[in-house]
Amino acid sequence: MPDLKILAVDDSATMRRILKNTLSRAGYTDVVEAEDGVDAWSKLQSGGFNFIITDWNMPNMSGLEFVNAVRESEKFKQIPIIMVTTRSVKDDIVAAMKAGANNYVVKPFTPNTLKEKIDKVLDSL
Amino acid sequence: MKKNDLQVIELALDQLRSHLLIFETHFPEVVKGARMRAKAHLTVFSECFPALRRMVNFAEIAIPAIEHMIESVPRSFGDIPQAASNLGKVTEATELATTEIMDVVDGATERLSQQAHRIAEVMDADLKGVRAHAEQLHRISGLLSSTNGKVSAASVKKALKILHQQQDVLDVQNGKAESTYKEVVDSLEGIKDLMFQIMDALQFQDITAQQIEATKAILSKLDGEIRELSEDFARGAGGAPFCFHTEGVFDPEAAYDHQRAQQKQSEADGLFEQGKSAAETEETAPEVIPSNSVKQTACSPLTNQTAVPPPVEVADPLDASAEASEEMGQDAIDALFG
């Protein structure tokens with residue numbers, strides 16, 4: 001099990017808790033929560049993160065904008081990102097991919113699906 | 001337009017009606033005594049009276065309608081904060097209930113883990129005890145085995161002593177086991193109570209459904225009144241009806257449906273798989289579609305502009321595979337990401 005420090009970004013406190021719980025069951029216990037893109041960007045600066053899981057629909061800075069910002073940053077552009085969102089139209093998925101997301105999970109998700117995507121992304125690195 | 005203004009208009013119309021009546025009454029006499037040309041002009045003028053009367057009658061009908069509008073619109077718009085408040089309560093209730101449920105689940109999980117550990121400990125102790133008893137029984141058996149049909153008194157005494165000792169050990173062991181099992185059973189009953197707490201918390205769904213229904217009722221009423229006003233003004237002004245925009249940080253298609261999500265996940269996976277293959281051969285920098293806000297409008301393109309710029313036309317194998325706005329399942333998304 002790789003030693004990951006994960007940044008979990010979602011404006012819903014409930015979803016953040018579910019994410020944290022799911023990740024913990026999958027063996028990833030070092031999880032930091034952020035409530036939107038701005039908060040996530042701020043926490044990212046503290047460093048040490050090697051994985052990001054982010055929602056899309058968030059106030060202040062959306063998930064897509066956050067992904068763009070990460071990919072445009074020299075310091076953080078290599079961090080793998082998975083988007084976890086209710087959005088499931090093709091345009092959105094393609095936009096996420098083009099913005100630089102490594103994978104995509106549709107809500108509501110099962111713990112196995114999220115773990116599978118994390119494993120897949122880590123294997124591809 | 002204020003109520004006073006309408007009263008002024010009503011007064012003016014009353015005066016106009018009075019003047020018209022006087023004119024109509026005395027007009028035949030005027031026409032009689034006038035010259036031919038003046039008579040002709042006045043005759044034409046008299047033909048306008050019915051039209052003027054119709055205008056006055058129309059104004060008499062329109063004024064109450066405008067009065068009603070002035071009174072009812074502020075009242076309707078006053079309901080909007082209530083609708084917003086209702087929805088705020090729904091969000092709050094669901095958040096609270098969900099937190100409660102998760103606390104219960106965490107507690108129950110912890111308790112189950114503890115009880116499983118205790119049962120394991122007792123089982124371990126029981127197994128060891130059984131082995132120990134078996135050894136002692138072998139000893140007793142050995143002691144009581146006769147040689148030539150005779151068993152010494154000392155052997156019997158020793159065997160009895162071992163039996164009594166084992167009896168004491170068993171009593172203690174059974175007592176401990178019984179106590180532990182009882183505690184475990186009580187704890188499991190407690191977990192059952194926790195599960196029921198979850199059921200209690202799920203009542204939020206019924207409560208929030210009612211709050212949502214209340215909000216829906218307000219919004220339906222508002223929608224009807226505003227549309228009616230919009231159409232009336234549009235007819236009067238001779239233009240297009242007023243257009244409505246909705247913006248916000250939300251996905252209007254979000255739904256709690258595992259089956260649908262699984263299907264969409266497949267499609268999203270497929271897209272990511274395809275995209276990965278395409279990206280490996282692509283030389284140009286990736287295009288990014290800005291803005292996450294959802295903007296819905298019922299307006300025609302001639303009267304309104306959307307905030308999101310049209311996507312840049314780029315030859316993309318993904319475009320050939322499905323409609324742009326078609327929803328994707330997880331498998332398709334997996335295929336796209338690779």
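Which residues of strand β1 (residues 6-9) of chain A are buried on one side, and which on the other? A:I6 and A:A8 are buried on one side and A:L7 and A:V9 on the other, leaving both faces of the strand covered; a residue is called buried if 20 or more other C-beta atoms lie within 10 Å of its own, exposed if 12 or fewer, and partly exposed in between, with C-beta atoms placed from the backbone.

This is a predicted model, in which local features need pLDDT of at least 70 and side-chain atom pairs count only at pLDDT 80 or more, while totals for chains, interfaces and linings use all residues. Residues are numbered from 1 along each chain as its sequence is written, and chains are lettered from A and ligands numbered from 1 in the order in which they are written.

Helices (H or I, at least four residues) and strands (E, at least two) are DSSP runs, numbered from the N terminus.

| Partner of β1(A) | Sense | Bridges |
|---|---|---|
| β2(A), residues 31-34 | parallel | 4 bridges |
| β3(A), residues 51-54 | parallel | 4 bridges |

Within these pairings, A:V9 has A:A34 of β2(A) as its bridge partner, while A:I6 stands opposite A:F51 in β3(A). Together with helix α1 (residues 13-25) of chain A, β1(A) and β2(A) make a right-handed β-α-β unit; right-handed here means that, with the strands pointing away from the viewer, the path from the first strand over the helix to the second runs clockwise.

Two loops of chain A hold backbone features of note. In the loop between β3 and α3 (63-72) of chain A, A:N60 has a positive phi near 65° although the residue is not glycine, and A:N60 counts as partly exposed because 15 C-beta neighbours lie inside 10 Å. The loop between β5 (103-106) and α5 (111-124) of chain A contains A:P108, and the peptide bond from A:K107 to A:P108 is cis, with omega near -5°.

Chain B has 7 helices and 2 strands, running α-α-α-α-α-β-α-β-α from the N terminus on, and 8% of its 338 residues count as buried.

The contact between the chains takes 33 residues from chain B and 31 residues from chain A, two residues being in contact if their C-beta atoms, placed from the backbone, lie within 7 Å. On the side of chain B that touches chain A, α3 (79-144), α6 (258-281) and α7 (330-337) of chain B are the elements that give two or more residues, and α6(B) gives the most, with 8 residues.

Technical notes:
Pairing = 2+ DSSP bridges.
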